[in-house]
2 protein chains.
Amino acid sequence: MMNTPDAAAKLEALGNPTRLSLYRLLVRAGHGGLSVGQCQQRLEIAASTLSHHLKTLIIVGLVSQERDGTTLICRANFDRMNELVAFLVAECCADSNCASDQSAA
Amino acid sequence: MMNTPDAAAKLEALGNPTRLSLYRLLVRAGHGGLSVGQCQQRLEIAASTLSHHLKTLIIVGLVSQERDGTTLICRANFDRMNELVAFLVAECCADSNCASDQSAA
DNA sequence: TATATCCTCCCATAAAACCGGAATTATCGA
DNA sequence: TCGATAATTCCGGTTTTATGGGAGGATATA
């Protein structure tokens with residue numbers, strides 16, 4: 001079960017427009033992932049800037065990397081996102097009866 | 001349909017631990033909501049600080065307020081959260097076949 | 001070894017966020 | 001109108017973030 005500081009760190013990581021674009025790029029790429037260079041081409045930002053943002057996403061666990069020769073393949077970590085979403089909708093209306101609470105079975 | 005800057009603004013708003021605690025407080029409170037004073041009591045932060053955070057959440061639409069005499073009732077806007085979650089999981093694996101893509105009908 | 005490619009780390013700068021005390025606005029009751 | 005309560009805005013200082021240029025590490029190939 002996730003706690004508030006961890007969830008906040010993940011949300012903060014996604015809260016930057018450039019980082020959110022980067023993350024979604026990887027989400028669309030799916031399991032195949034994208035190399036850092038491919039990400040840079042698509043986002044058109046400085047390599048160092050991209051590296052910073054990538055590091056931020058990796059630290060919070062939303063993205064993982066795997067080396068393939070000289071290139072690094074980046075992938076979105078879907079499990080972490082699912083955990084985050086679950087955290088956000090958890091305890092919906094715990095103190096009242098909420099008509100829009102479809103999360104409960 | 002939400003765009004990236006709007007989604008990033010919402011995620012950034014939720015990315016601060018204090019603000020996330022505040023938001024979840026309102027989520028738990030449900031449709032009844034909570035007054036600003038009640039939020040302050042529970043979070044134990046300065047009134048001005050709370051007002052800043054509240055304003056941030058209101059600007060991005062995640063929280064709404066309604067006046068009742070001298071007190072302001074704050075409520076989480078569940079529709080906006082649902083939109084945000086939908087945006088986050090949208091286009092999952094658009095460029096590949098993804099086994100964990102259950103969002104598509 | 002020499003060389004090229006890919007990426008990260010160090011560094012500096014500018015911008016933005018965070019926080020809270022004091023003053024201000026809004027509303028209600030006497 | 002006066003006073004009390006509720007909440008926001010103003011103002012400032014401090015901290016954090018965003019960005020990218022350039023140096024340097026890691027890896028592959030000849």
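# Exercises on a predicted two-chain model

In chain A, three strands make an open sheet in the order 1-3-2, with antiparallel pairing; strands pair if DSSP finds at least two bridges between them. This is a predicted model, in which local features need pLDDT of at least 70, side-chain atom pairs count only at pLDDT 80 or more, and totals for chains, interfaces and linings use all residues. Residues are numbered from 1 along each chain as its sequence is written, chains are lettered from A and ligands numbered from 1 in the order in which they are written, and side-chain values use heavy atoms, with hydrogens and water left out.

## Exercise 1. The sheet of chain A

Task: state which strands of chain A stand at the edges, and describe how helices pack on the sheet.

Solution. 

Step 1. Strand 1 (34-35) and strand 2 (63-68) of chain A are the edge strands. Each has a single partner strand, so one side of each lacks a neighbour in the sheet.

Step 2. Strand 2 of chain A is joined to strand 3 (residues 71-76) of chain A by six bridges, and the two run antiparallel. Within this pairing, Gln65(A) has Cys74(A) in strand 3 of chain A as its bridge partner.

Step 3. Helix 2 (residues 17-29) of chain A packs on the sheet and touches strand 1, strand 2 and strand 3 of chain A. Its direction makes about 85° with that of strand 3 of chain A. Contact means heavy atoms within 4.5 Å.

Step 4. Helix 4 of chain A also packs on the sheet, touching strand 2 and strand 3 of chain A, and its direction makes about 115° with that of strand 2 of chain A.

## Exercise 2. The make-up of chain A

Solution. 

Step 1. Chain A has five helices and three strands. Helices (H or I, at least four residues) and strands (E, at least two) are DSSP runs, numbered from the N terminus.

Step 2. Buried means under 20% relative accessible area, exposed over 50%, and partly exposed in between (1.4 Å probe, protein chains only).

Step 3. Among contacts in chain A with a separation of 6 or more, 55% come from residues 24 or more positions apart.

## Exercise 3. Two helix pairs

Task: describe how helix 3 of chain A meets helix 4 of chain A, then how helix 2 of chain B meets helix 3 of chain B.

Solution. 

Step 1. The axes of helix 3 (residues 36-43) and helix 4 (residues 47-59) of chain A come within 10 Å and cross at roughly 115°. Axes are lines fitted to C-alpha atoms, for helices over the stretch in contact, and angles run from 0 to 180 degrees between N-to-C directions.

Step 2. Helix 3 and helix 4 of chain A are therefore roughly perpendicular. Angles under 35 degrees count as roughly parallel, over 145 as roughly antiparallel, 65 to 115 as roughly perpendicular and the rest as oblique.

Step 3. Val36(A), Cys39(A), Gln40(A) and Leu43(A) of helix 3 of chain A meet Ala47(A), Leu50(A) and Leu54(A) of helix 4 of chain A. By class, this contact has six nonpolar, one polar and no charged residues. Ala, Val, Leu, Ile, Met, Phe, Trp, Tyr, Cys and Pro count as nonpolar, Asp, Glu, Lys and Arg as charged, and the others, Gly among them, as polar.

Step 4. In chain B, helix 2 (residues 17-29) and helix 3 (residues 36-43) pack at about 120°, with axes 11 Å apart. That angle makes the two helices oblique to each other.

Step 5. On helix 2 of chain B the contact involves Ser21(B), Leu22(B), Leu25(B) and Leu26(B), and on helix 3 of chain B it involves Cys39(B), Arg42(B) and Leu43(B). These residues divide into five nonpolar, one polar and one charged.

## Exercise 4. Two residues of chain B

Task: find whether Leu11(B) is buried or exposed, do likewise for Met2(B), and list their contacts.

Solution. 

Step 1. Leu11(B) lies in helix 1 (residues 4-14) of chain B. Leu11(B) counts as buried because its relative accessibility is 0%.

Step 2. Leaving aside neighbours within four places in sequence, Leu11(B) contacts Leu11(A), Glu12(A), Leu14(A), Gly15(A), Leu20(A), Leu84(B) and Leu88(B).

Step 3. Met2(B) is in the segment before helix 1 of chain B. At 14% relative accessibility, Met2(B) counts as buried.

Step 4. Not counting residues up to four places away in sequence, Met2(B) touches Ala7(B), Lys10(B), Glu83(B), Leu84(B) and Phe87(B).
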